[in-house]
Amino acid sequence: MRWENLTEGSAGPAALFGADAVVTRTIDTPEFRGITFHEVRARSIVNRVPGASRMPFEWTVNPYRGCSHACVYCFARKTHSYLDLDTGLGFDSQIVVKTNAPELLRRELGSPRWTGAHIAMGTNVDCYQRAEGRYRLMPGIIEALRDRANPFSILTKGTLILRDLPLLREAARVTEVGISVSVGFTDTGLWRTVEPGTPSPAARLGAVRALTDAGIECGVLMAPVIPFLGDSPEQLRATVRAVAEAGATSVTPLVLHLRPGAREWFTAWLGAHHPHLVPRYERMYAGGSYAPTWYQRRITRQVHELAAEFGIGPARRGEARKVVAPERPDGSGPAGATQLSLL
């Protein structure tokens, strides 16, 4: 592994940390067997989202790189290549931990240049993956945001978020806090093969119930809807019904997208587990990373109809994340709503 492209004096991107700040640990316990942690002292923690992004927010905090959830479709796999790490098994097992994230965030939030903008977390890799159980970075991060009354949101597949429920409630008293849990399907057979390192869909929906019962509104990002494996009318109905029964305030579908890095890994998995579907995927994604618009609209319509039937609705732009939509140029009110997207 090479870190040179991230160190001072390099010709690559701006330095994220010095080579002498990296400590590599392999922990031989059942929970972390096969996982290597690279502990780093980051130089910055609040990251601006590129202007061309479809994200409905401008700033993010990511205390980890790589993710032991090992979701075969994860769009963030490509980011591991920036560290000269493998985007397949390396992404699942080589986890970069920004050990100074809480203190760094507190310092950056206190800067005179910081305007108190919304900060989104969990939009690249999950901040409540298994590593968080060991490193406990999120309590300090939430405390820093709470103390500055800085609005924030969290998207996660991790039930470990319930550990921080008291802190989330404290933060919600002083600022806008948005929580979303990702549950693309309730099919346990599909879950075990495509999301092997995550809590089960039932456990995640249990977290939704616990959050809502504690007075913290929680939406569900129904992502990804996987073509030909998780998109039958029966599967969609079962998932939306379970989301409604968990007390979610909204459900927003997102069809599988396959960016470079994720595309190759997912295609290899598909060939091993469902080889008969490879030609269908080649046709469906022949135009690029996204499924055809007609297919995305069909899934969205079906999910919205089911949500209405079960008494919940789709999230409007920023709703699940408590983001205030920008006003129109004429000052007449919020701009038109669009589907929440992590693309």
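pLDDT is the predictor's confidence in each residue, on a scale from 0 to 100. The structure described here is a predicted model, and its chain averages a pLDDT of 86, with 83% of the residues scoring at least 70. The chain has 11 helices and 11 strands. Of its 343 residues, 54% are buried.

**Confidence along the chain**

- Over residues 1-15 the pLDDT stays under 50, and the model has 29 contacts beyond four places in sequence for this stretch.
- Residues 317-343 also have a pLDDT below 50, and this stretch has 67 contacts in the model beyond near neighbours in sequence.
- Where pLDDT is low, the predicted coordinates should not be read in detail.

**Contacts in the chain as a whole**

- Among the contacts in the chain with a separation of 6 or more, 74% are between residues 24 or more positions apart.

**Helix H2 against helix H4**

- Two packed helices are described by the angle between their axes and the distance between the axes.
- The axes of H2 (residues 101-109) and H4 come within 8 Å and cross at roughly 15 degrees.
- Angles under 35 degrees count as roughly parallel, so H2 and H4 are roughly parallel to each other.
- The crossing in which H2 passes H4 is right-handed.
- On the H2 side, the contact is made by Ala 101, Pro 102, Leu 105, Arg 106 and Leu 109.
- On the H4 side, the residues are Gly 140, Ile 141, Glu 143, Ala 144, Leu 145 and Asp 147.
- Sorted by class, the contact of H2 with H4 has 7 nonpolar residues, 1 polar residue and 3 charged residues.

**Helix H4 against helix H5**

- H4 covers residues 138-147 and H5 covers residues 165-172.
- Their axes come within 9 Å and cross at roughly 15 degrees.
- H4 and H5 are therefore roughly parallel to each other.
- H4 passes H5 in a crossing that is left-handed.
- From H4, Pro 139, Ile 142, Glu 143 and Arg 146 take part in the contact, and they meet Leu 167, Leu 168, Glu 170 and Ala 171 of H5.
- The contact of H4 with H5 contains 5 nonpolar and 3 charged residues, and no polar ones.
- Glu 143 of H4 is listed in the contact with H2 and in the contact with H5.

**Backbone details**

- Ala 223 and Pro 224 are joined by a cis peptide bond, with omega at about -5 degrees.
- Pro 224 of this pair is in strand E10, which spans residues 218-225.
- Ala 70 is a residue other than glycine with a positive phi, near 60 degrees.
- This alanine, Ala 70, sits in the loop between strand E5 (64-65) and helix H1 (89-93).
- With a relative accessible area of 14%, Ala 70 is buried.
- Arg 136 is not a glycine either, and has a positive phi of about 50 degrees.
- The loop that holds Arg 136 runs between helix H3 (131-135) and H4.
- Arg 136 has a relative accessible area of 48% and is partly exposed.

- Thr 212 is part of helix H7, which covers residues 201-213.
- The relative accessibility of Thr 212 is 19%, and buried means under 20%, so Thr 212 counts as buried.
- Leaving out residues up to four places away in sequence, Thr 212 touches Cys 218, Ala 246 and Gly 247.

Terms used. Residues are numbered from 1 along each chain as its sequence is written. This is a predicted model: local features need pLDDT of at least 70, side-chain atom pairs count only at pLDDT 80 or more; totals for chains, interfaces and linings use all residues. Side-chain values use heavy atoms; hydrogens and water are left out. Axes are lines fitted to C-alpha atoms, for helices over the stretch in contact, and angles run from 0 to 180 degrees between N-to-C directions. Helices (H or I, at least four residues) and strands (E, at least two) are DSSP runs, numbered from the N terminus. Angles under 35 degrees count as roughly parallel, over 145 as roughly antiparallel, 65 to 115 as roughly perpendicular and the rest as oblique. A crossing is left-handed if the near helix is turned anticlockwise from the far one by less than a right angle, and right-handed if clockwise. Contact means heavy atoms within 4.5 Å. Ala, Val, Leu, Ile, Met, Phe, Trp, Tyr, Cys and Pro count as nonpolar, Asp, Glu, Lys and Arg as charged, and the others, Gly among them, as polar. Buried means under 20% relative accessible area, exposed over 50%, partly exposed in between (1.4 Å probe, protein chains only).
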